[in-house]
Amino acid sequence: YFVDIDSVLFELKEPSSDGVAGGAGDHGTAKDKVFAPMPGKIVKIMVAVGDEVEIKQPLVIVEAMKMENQVNAKAKGKVKKINFAAGDQVDTERPIIELELAE
C-alpha cells in the first residue's frame with residue numbers, strides 16, 4: 001500500500017509471517033547480519049560482543065523520521081561484532097551487528 005501524507009509517499013507492507021521486520025535493500029537472507037530498517041541514528045544498542053541472542057530479541061533502536069524503530073534478531077546466535085555505537089548515523093547497506101549463528 002502507498003500512503004501520501006503532506007506530499008511524502010510512504011510504502012506500507014504486510015508483516016512477514018515470522019514476525020521479524022525486514023529492512024530496506026535485499027537483506028532478507030542474511031540472518032547473521034542486522035541492518036537498519038531505514039537510514040537513521042542509533043539511539044541504543046542493547047547487546048554486547050559475546051552476548052547470546054534469541055530469535056526476535058531486541059538488539060538495537062534506530063531513530064528515523066522522528067520515530068524509534070526496534071530492530072530484532074532474525075536468528076539465534078552470539079554477537080560477533082558491533083560495527084556502530086549509539087549516536088552514529090547508519091544506512092541500510094552496512095550491518096549494525098554481526099552474529100555467529102547457533103547450530
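Trainee: What should I know before I start reading?

Mentor: This is a predicted model, in which local features need pLDDT of at least 70 and side-chain atom pairs count only at pLDDT 80 or more, while totals for chains, interfaces and linings use all residues. Residues are numbered from 1 along each chain as its sequence is written, and side-chain values use heavy atoms, with hydrogens and water left out.

Trainee: What pLDDT does the protein chain average?

Mentor: pLDDT is the predictor's confidence in each residue, from 0 to 100. Here the protein chain averages 85, and 84% of the residues score at least 70.

Trainee: Where does pLDDT stay under 50?

Mentor: That happens over residues 17-23. For this stretch the model has 10 contacts beyond four places in sequence, a contact being heavy atoms within 4.5 Å.

Trainee: How many helices and strands does the protein chain have?

Mentor: Both kinds of element are DSSP runs, numbered from the N terminus: helices are H or I with at least four residues, strands are E with at least two. This protein chain comes to 0 helices and 10 strands.

Trainee: Which strands pair, and in what order do they lie in the open sheet?

Mentor: In general, strands of a sheet pair through backbone hydrogen bonds, either parallel or antiparallel. Two strands count as paired if DSSP finds at least two bridges between them. In this model an open sheet of 4 strands has the order β7-β6-β4-β9, with antiparallel pairing. Its edge strands are β7 (67-72) and β9 (89-90), each of which pairs on one side only. Look at β6 (residues 58-64), which is joined to β7 by 6 antiparallel bridges; there Val 60 stands opposite Val 71.

Trainee: Which strands pair with β10?

Mentor: One of them is β8 (residues 77-82), which runs antiparallel to β10 and is joined to it by 5 bridges. Within that pairing, Ile 82 faces Ile 97 of β10. Strand β3 (residues 33-34) also pairs with β10 (residues 97-101), in the antiparallel sense and over 2 bridges. The bridge partner of Lys 33 in β10 is Glu 98.

Trainee: Lys 33 carries a charged side chain; with which residue does Lys 33 form a salt bridge?

Mentor: A salt bridge needs a side-chain nitrogen of Lys or Arg within 4 Å of a carboxyl oxygen of Asp or Glu. A search of the whole structure finds 1. Lys 33 forms it with Asp 32, and the closest N and O atoms are 3.5 Å apart.

Trainee: Is Lys 33 buried, partly exposed or exposed?

Mentor: Buried means under 20% relative accessible area and exposed over 50%, with partly exposed in between (1.4 Å probe, protein chains only). Lys 33 is partly exposed because its relative accessibility is 28%. Asp 32, at 23%, also counts as partly exposed. Over the protein chain, buried residues make up 29% of the 103 residues.

Trainee: Which residues have the most contacts inside the largest nonpolar core?

Mentor: As a general idea, in soluble globular proteins nonpolar side chains tend to be buried together. A nonpolar core is a set of buried Ala, Val, Leu, Ile, Met, Phe, Trp, Tyr and Cys residues joined through side-chain atoms within 4.5 Å. The largest one here has 16 residues, and those with the most contacts inside it are Val 53, Leu 59, Val 62, Val 90, Ile 96 and Ile 97. The elements that give two or more residues to this core are β6 and β10, and β6 supplies the largest share, 3 residues. Take Ile 96 as an example: leaving aside neighbours within four places in sequence, its contacts include Val 34, Val 60, Val 62, Ile 82 and Val 90.

Trainee: Is Gly 40 buried or exposed?

Mentor: Gly 40, found in strand β4 (residues 40-45), is buried, at 9% relative accessibility. The C-alpha atoms of Gly 40 and Lys 66 are separated by 9.3 Å, with the two residues 26 apart along the chain. Not counting residues up to four places away in sequence, Gly 40 touches Val 62, Glu 63, Ala 64, Asp 88, Gln 89 and Val 90.
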